[in-house]
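Subject: Structure handover

Dear colleague,

Please find the structure below. My notes on what was found in it follow.

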Amino acid sequence: MPRFAEHAVIGIGTGALFGLVVQASRRTTTPTVIDPVHLSICGLAGFLGGCVPDKLEPANRAVGPNHRGVFHSVWFLALMLKGAHHCAMIEPDGELERWCVDVTGAFCAGVSSHLIADSSTKRGLNFVCKKF
């Protein structure tokens, strides 16, 4: 994975930013206090999400650099963006639900950041898969 470091850094930043924005935008009766542990966990989820597409479809010598299939597609990007948006819009009832929703959203945001970074390359993204 030649761009692992770039995808990891972008994923961490995207996940932490997602956690920060969602934490700050929640409607609560008490003033918002930014939780550094929450941001760190969201950053970790973003890191994992940023690395997932290349783990699911790794580039190897047999396939060459053109390894992008369904998990490197516009369709999958739209699915992940919708997942992050859905998680951002949920108003959780309890603390456990808040953590689950935020970590899932940060993961989706990390995957989206990977795909947006890949779309800026010469090969870009497929629409659905390699042949389509």
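The protein chain has 4 helices and 0 strands, where helices (H or I, at least four residues) and strands (E, at least two) are DSSP runs numbered from the N terminus. This is a predicted model, in which local features need pLDDT of at least 70 and side-chain atom pairs count only at pLDDT 80 or more, while totals for chains, interfaces and linings use all residues. Residues are numbered from 1 along each chain as its sequence is written, and side-chain values use heavy atoms, with hydrogens and water left out.

Of the 132 residues in the protein chain, 39% are buried (under 20% relative accessible area, 1.4 Å probe, protein chains only).

Leu115 is in contact (heavy atoms within 4.5 Å) with Pro53, Phe71, His72, Ser73, Phe76, Leu77 and Leu125, leaving aside neighbours within four places in sequence.

The axes of H3 (residues 74-89) and H4 (residues 95-119) come within 8 Å and cross at roughly 150°; axes are lines fitted to C-alpha atoms over the stretch in contact, with angles from 0 to 180 degrees between N-to-C directions. H3 is therefore roughly antiparallel to H4 (over 145 degrees).

Regards

Note on methods:
Parallel < 35°, antiparallel > 145°, perpendicular 65-115°, else oblique. Buried < 20%, exposed > 50% of the residue type's maximum accessible area, 1.4 Å probe, protein only.
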